[in-house]
Structures are given as structure tokens and as C-alpha cells.
Amino acid sequence: REDALRQLGRACGDPNLPTTLMMRSDQVQELHRAGMELGGHTVNHPILARTPDDDARREIAQGRDALAALVDAPVDLFAYPNGRPDRDYDERHVRMVRELGFRGAVTTAKGVATTAADRFELPRHTPWGASLAVWSLRLLANLHQRSFATAGAAQPAGSR
């Protein structure tokens, strides 16, 4: 992936890719010290559904362990890379996250979690907006999204 990005940069006439897109370790540590709870991800951000099981488990565990070492604290929440149920991850990965001892995980399925939601497939709302009005409208619209996709579900969660 990195090689492909470098080739694309050269083809576009700018071989120097930005280096400030991701947070630095000191910025992550500062967030943690400020009281932000941090969740694990993976090491290389693979699409788990396209990754052999042993590699997926290793990516999840090593991502958690690296973050825990960085902030010197347990990391027990997880975010599925890209996070679309049955496209980017599936039931195998939900099981792996449970077995690895996480307390819960978030997806990128749009919706509102209720007490009936599986804590290993919590939907997420995109809380950003260019203005307070746009952000407020997104929040209001999200409140009406009571069903959401989950891995392996014939129908959205919340509508079962």
C-alpha cells in the first residue's frame, strides 16, 4: 500500500506524501493524560474480512498491546478498521475481539445503540459538521436511526 501511494504521488507530480495525517505518539499520550479513553485498532489497518484469521487476530492483539504500552494503561475497546459489517469485518472478527478480552467494539454502521445492542458491534455516528447547525441536524437525524447493520445479520439490529 505504501509503495502504491508513493507511485501515485510521483505520477501526480508530488512524490512527498504528507507526514502529518496521523497522530504522533506524544499526541496520543497527551490525549490519554487529558482523560480521553483510547481504543485499540490494528497495527496496519487491514480489511479484516480479507485477512487470514491468524493475521487478523495478530493485528488486533498487537494493535491493542502497542497502544497499551504507549499509554501505560489497559486498552479494552476496539474499532474495526473501516468498520462496515460483513464487508470489512464479520462474525469471526467479533469473536476474536471478544476472545482477546476487549469490553466492546465500535463499527461504522450508522445508528443509535440501545441497551439491546451487542456491545461488540456498537454503531457510530459521524459527529462532525462544518457548522453547529449541520452538526445539530446530523445528531437529530441520527436519533431516528434505530436499526443498524451487524455482522452476519439477515436484518439490521434493532429491527429484530
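Read along the sequence, the elements of the protein follow the order α-α-α-β-α-β-α. There are 5 helices and 2 strands, where helices (H or I, at least four residues) and strands (E, at least two) are DSSP runs numbered from the N terminus. The model is predicted: local features need pLDDT of at least 70, side-chain atom pairs count only at pLDDT 80 or more, and totals for chains, interfaces and linings use all residues. Residues are numbered from 1 along each chain as its sequence is written, and side-chain values use heavy atoms, with hydrogens and water left out.

**Overall packing**

Of the 160 residues of the protein, 31% count as buried. Buried means under 20% relative accessible area, exposed over 50%, and partly exposed in between (1.4 Å probe, protein chains only). The protein exposes about 10400 Å², of which carbon and sulfur atoms supply 54%; accessible areas come from the Shrake-Rupley method with a 1.4 Å probe, and for residues only the protein chains shown count as cover. Among contacts with a separation of 6 or more, 60% are between residues 24 or more positions apart, a contact being heavy atoms within 4.5 Å.

**Salt bridges**

Side chains of opposite charge can pair when their charged atoms come close. A search of the whole structure finds 10 salt bridges, each defined as a side-chain nitrogen of Lys or Arg within 4 Å of a carboxyl oxygen of Asp or Glu. Three of these pairs are listed here.

| Pair | N to O distance |
|---|---|
| Glu-99 and Arg-57 | 2.5 Å |
| Arg-103 and Asp-76 | 2.8 Å |
| Asp-118 and Arg-98 | 2.8 Å |

In the pair of Glu-99 and Arg-57, Glu-99 lies in helix H4 (residues 91-99) and Arg-57 in helix H3 (residues 53-71), so the bridge ties together parts that are 42 residues apart in sequence. Arg-57 is partly exposed, with a relative accessible area of 31%.

The bridge between Arg-103 and Asp-76 links distant parts of the chain, 27 residues apart: Arg-103 is in the loop between H4 and strand E2 (104-106), and Asp-76 is in the loop between H3 and strand E1 (77-79). Both residues are partly exposed, Arg-103 with a relative accessible area of 43% and Asp-76 with 22%. Arg-103 and Asp-76 also belong to a network of salt bridges with Glu-37.

In the pair of Asp-118 and Arg-98, Asp-118 lies in the loop between E2 and helix H5 (132-143) and Arg-98 in helix H4, so this bridge ties together parts that are 20 residues apart in sequence. Asp-118 is partly exposed at 29% relative accessible area, and Arg-98 is partly exposed at 41%.

**Helix H4**

The buried residues of H4 are His-93, Val-94, Met-96 and Val-97. They cover an arc of only 160 degrees around the axis, which puts them on the same side of H4; the arc is that of the directions from the helix axis to the C-beta atoms. The cover over these buried residues includes H3, E1 and E2. Just after H4, Gly-101 takes a positive phi of about 90 degrees.

**A nonpolar surface patch**

Met-23, Leu-31 and Met-36 form a nonpolar patch on the surface, with about 270 Å² of accessible area together. Patches are made of residues with over 30% relative accessible area and no salt bridge; like charges are joined within 9 Å, and nonpolar side chains (Val, Leu, Ile, Met, Phe, Trp, Tyr) within 5 Å. Met-36 lies in the loop between helix H2 (25-33) and H3, and counts as partly exposed at 46% relative accessibility.
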